[in-house]
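The following note sets out points for a colleague who wishes to review the model. Please read it alongside the sequence and the coordinates.

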Amino acid sequence: MNSCAILGASGHGKVIAEIAELNGYKKVDFFDDTWPELKTVHHWLVLGNSERLLALVSQYDIVVIAIGDNTIRLKKQIEFQAKGANFSVLKHPSAIVSRYSELDVGTVVMANAVINSFASIGVASIVNTSATVDHDCKLGNGVHISPGVNLAGGVTVGELSWIGLGAQVKQLINIGDQVIVGAGSTVVNDISNNQIVIGTPAKPLDKFKEQTIKVSLC
Ligand SMILES: CC(=O)SCCNC(=O)CCNC(=O)[C@H](O)C(C)(C)COP(=O)(O)OP(=O)(O)OC[C@H]1O[C@@H](n2cnc3c(N)ncnc32)[C@H](O)[C@@H]1OP(=O)(O)O
């Protein structure tokens, strides 16, 4: 366990770079497609773009895709896996991850997150700072659980869904694929695929806008 390549030299990438160091990776290098002029991020080198990483992939013990957009992150991971890149699970040492949980490769777990017994999480997902994923939750591929989110027991979160900062989800709720739950929302009903929901209780964004207009006209 020596070298780690991170695709995405963003703030998210920096957090992952530090977690890689804390897990004993001695060589941590960045690659990035957005800022070609970038040569360093703090003390880490930026060695090129994704094409360059593809050429060097066999030299790294693991690759992490540090891209916030769920769809792009999952797509890039699949692309890199097909070219022989190794992916692993990276956990901040302060995270509490049950021995009875299952986390798939490319998933990262940030500081103070808690993942309880028999929870499962797919590939290329993010459990961000101080989020809790309680017992028996089932999270799909390319999911992002933002900082401070609490998922109660037995919650399902579908592929590519994003649960926003500080949201709460009641036990046994099913959240579909490609759903966005707005920051601070409380989800108490199931949510079907491709919805954006906000508020307490969480409602679809368009409906929320209509209600706001109605109230302001009174
Ligand atoms: C380490 C990290 O930084 S991880 C990143 C964590 N970040 C997050 O979790 C952010 C999550 N994103 C959100 O909550 C966003 O506001 C979204 C995705 C729900 C909506 O974004 P947009 O589609 O751009 O909506 P927009 O900003 O135009 O807002 C539309 C309306 O909904 C309201 N609104 C937006 N988000 C919320 C929310 N979370 N709760 C309540 N109301 C909201 C807005 O005030 C606005 O109301 P108005 O039309 O009366 O002015």
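Helices (H or I, at least four residues) and strands (E, at least two) are DSSP runs, numbered from the N terminus. This is a predicted model, in which local features need pLDDT of at least 70 and side-chain atom pairs count only at pLDDT 80 or more, while totals for chains, interfaces and linings use all residues. Residues are numbered from 1 along each chain as its sequence is written, and side-chain values use heavy atoms, with hydrogens and water left out.

1. Ser10 is found in the loop that links strand 1 to helix 1. Ser10 counts as partly exposed because its relative accessibility is 23%; buried means under 20% relative accessible area, exposed over 50%, and partly exposed in between (1.4 Å probe, protein chains only). Ser10 and Gly68 are 58 residues apart in sequence, yet their C-alpha atoms are 8.9 Å apart in space.

2. Burial of strand 1. Strand 1 (residues 3-7) is mostly covered, with 5 of its 5 residues buried. Ser3, Ala5 and Leu7 lie on one side and Cys4 and Ile6 on the other, and both faces are covered.

3. Partners of strand 1. Two strands pair if DSSP finds at least two bridges between them. Strand 1 pairs in the parallel sense with strand 2 (residues 27-31) over 5 bridges, and Cys4 stands opposite Val28 in strand 2. A parallel pairing over 4 bridges joins strand 1 to strand 5 (residues 62-65), where Val64 stands opposite Ile6. Strand 1, helix 1 (residues 11-22) and strand 2 make a right-handed β-α-β unit; a crossover is right-handed if, with the strands pointing away from the viewer, the path from the first strand over the helix to the second runs clockwise.

4. An open sheet of 6 strands has the order 7-10-13-16-19-22, with parallel pairing. Its edge strands, each pairing on one side only, are strand 7 (96-97) and strand 22 (186-187). Within this order, strand 13 (residues 132-133) and strand 16 (residues 150-151) run parallel and are joined by 2 bridges. Val133 stands opposite Leu151 in strand 16.

5. Which residues are around the ligand? They are Asn128, His144, Ser146, Pro147, Trp162, Gly164, Leu165, Ile180, Gly182, Ala183, Ile198 and Leu205, where a residue is near a molecule if one of its heavy atoms lies within 4 Å of it. The protein covers 47% of the 980 Å² of accessible area that the ligand has on its own (Shrake-Rupley method, 1.4 Å probe). The shell divides into 7 nonpolar, 5 polar and no charged residues; Ala, Val, Leu, Ile, Met, Phe, Trp, Tyr, Cys and Pro count as nonpolar, Asp, Glu, Lys and Arg as charged, and the others, Gly among them, as polar.

6. Backbone atoms at the ligand. A backbone N or O atom of Leu165 lies 2.7 Å from an oxygen atom of the ligand. For Ala183, a backbone N or O atom lies 2.8 Å from a ligand oxygen atom.

7. Backbone geometry to review. The peptide bond from Thr200 to Pro201 is cis, with omega near -5°, and Pro201 is found in the loop between strand 23 (196-198) and strand 24 (203-204). Asp136, a residue other than glycine, has a positive phi near 65° and is found in the loop between strand 13 and strand 14 (138-139). Gln178, also not a glycine, has a positive phi of about 50° and lies in the loop between strand 20 (174-175) and strand 21 (180-181). Asp136 counts as partly exposed at 37% relative accessibility, and Gln178 is partly exposed with a relative accessible area of 42%.

Terms used
Polar contact = N/O pair within 3.5 Å; in protein donor to acceptor, adjacent residues only side chain to side chain.
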